[in-house]
Amino acid sequence: MNPLLSIDLRSDTVTRPTSGMRAAMAAAEVGDDVFGDDPTVNRLQSVVAERFGFEGALFFPTGTQSNLAALMAHCGRGDEFLVGQEAHTYKYEQGGAAVLGSIQPQPLEHEVHGGISIERIAAAIKSDDYHFARTRLLALENTIGGRVLPSDYQREATEFAHSRGLATHLDGARIFNVMVKRNVDGPTAVAGFDSVSVCLSKGLGAPAGSILLGTRTLIDAARRWRKALGGGMRQAGVLAAAGLYALEHHVQRLAEDHANAEYLAEGLRAAGLKVAPPQTNAVYIEVATSQIDGLRAHLKQRGIFASLAPRTRLMTHMDLPRAKIDRAIQAFRDYPHWPA
Ligand SMILES: Cc1ncc(COP(=O)(O)O)c(C=O)c1O
């Protein structure tokens, strides 16, 4: 189906570059970034470092690679990081830290707000005993499942980690959603973290690209790992230009995605579905297993795509204006086989 007509609720990564973004990419000045010669990549790195108040920044093709290089820069072989059971760095990156970094993950249960309680963190930190891996790092995620970590929690958790000698990493793939939702600047949104991975290819609408932020020393270590992981790109300025364009044009509009998520949630609730109240651009609905195949076919016929599961995540984004949200609500409403 024509992507201009279809309604893709699977993720906020499905957006296509706008004509303005494509023009910026076509016009990008480039060089060989492995030699540090690409002026557009260098500009993007400085812009993002400054925006979040970090000394160093490094451009990566993906958030997965940026997170992994960060974990490998913080931890060595036989070290351990504490991480949520549902965190992207633990569950959705093929265990890269263990597979490629020889770093042991210590997965922990989440609180309702998406963080990990201080008690759980405290209990998981291993003592200095050669039976144990060395606990080096606490990794959190914000937003996580569309939820924004409470700022008090963020402060307490990062302060506690530091007080126990751990470093802190944030998977901030959707940190701009946090900034818009909380109406705070970059340094406030990432306060307490020693490193942050920021994605340009989610709600911001760039075709690729993430930035890792940290001290110059951490970024130097991550740059070595990036090369080993195959992420040393050459004339990457064409991608960096998309990121710079997104930072200039697509940040404040995330508020529209948040408003559309609320609107979608209300519409689906009114249609009789069980819907969790959204905080940012992710709406979670319950779909009985027996309904999944029928509903998928019903939606597909109407040009609507959703990753249906008992707990289905629907995401709003810049390619879904309000009129498409209305069509999506109508299609859910028209499904004839909802349980009575
Ligand atoms: C929270 C989070 N972190 C990291 C990533 C990884 O990003 P990428 O797909 O660019 O590897 C994703 C991808 O959706 C994500 O949702």
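A pocket, on a 1 Å grid over the protein atoms alone, is an open set of points with protein on both sides within 12 Å along at least five of seven lines. A molecule sits in one if more than half of its atoms lie within 2 Å of its grid points.

**Entry 1: ground rules.** I'm working with a predicted model, where local features need pLDDT of at least 70, side-chain atom pairs count only at pLDDT 80 or more, and totals for chains, interfaces and linings use all residues. Residues are numbered from 1 along each chain as its sequence is written, and side-chain values use heavy atoms, with hydrogens and water left out.

Entry 2: Where does the ligand sit? I found the ligand in the largest pocket. My list reads T62, G63, T64, N67, H88, E93, E141, D171, A173, R174 and K202. I sorted this shell into one nonpolar, five polar and five charged residues. For that sorting, Ala, Val, Leu, Ile, Met, Phe, Trp, Tyr, Cys and Pro count as nonpolar, Asp, Glu, Lys and Arg as charged, and the others, Gly among them, as polar. Helix α3 (residues 63–74) gives the largest share of the shell, three residues. Helices here are DSSP runs (H or I, at least four residues), and strands are runs of E (at least two), numbered from the N terminus.

**Entry 3: atom distances.** A polar side-chain atom of T64 is 2.6 Å from a ligand oxygen. For G63, a backbone N or O atom lies 2.9 Å from an oxygen atom of the ligand. On D171, a side-chain N or O atom is 2.6 Å from a nitrogen atom of the ligand. Then I checked cover: the ligand taken alone exposes 390 Å², and the protein buries 81% of that. Such areas come from the Shrake-Rupley method with a 1.4 Å probe.

Entry 4: Which peptide bond did I note as cis? I noted the one from N142 to T143, with omega near 0°. T143 is in the loop between β5 (134–141) and α7 (151–163).

S102 isn't a glycine, yet its phi is positive, about 55°. I placed S102 in the loop between α5 (96–101) and β4 (104–108). S102 is partly exposed, at 34% relative accessibility; that label covers values between buried (under 20%) and exposed (over 50%), using a 1.4 Å probe and protein chains only.

N183 also has a positive phi, near 55°. N183 belongs to the loop between α8 (175–182) and α9 (186–189), and is exposed, with a relative accessible area of 71%.

Key: Near = heavy atom within 4 Å. Polar contact = N/O pair within 3.5 Å; in protein donor to acceptor, adjacent residues only side chain to side chain. 1 Å grid on protein atoms, 1.4 Å probe; cavity = no way out; pocket = protein on both sides within 12 Å on 5 of 7 lines; lining within 4 Å.
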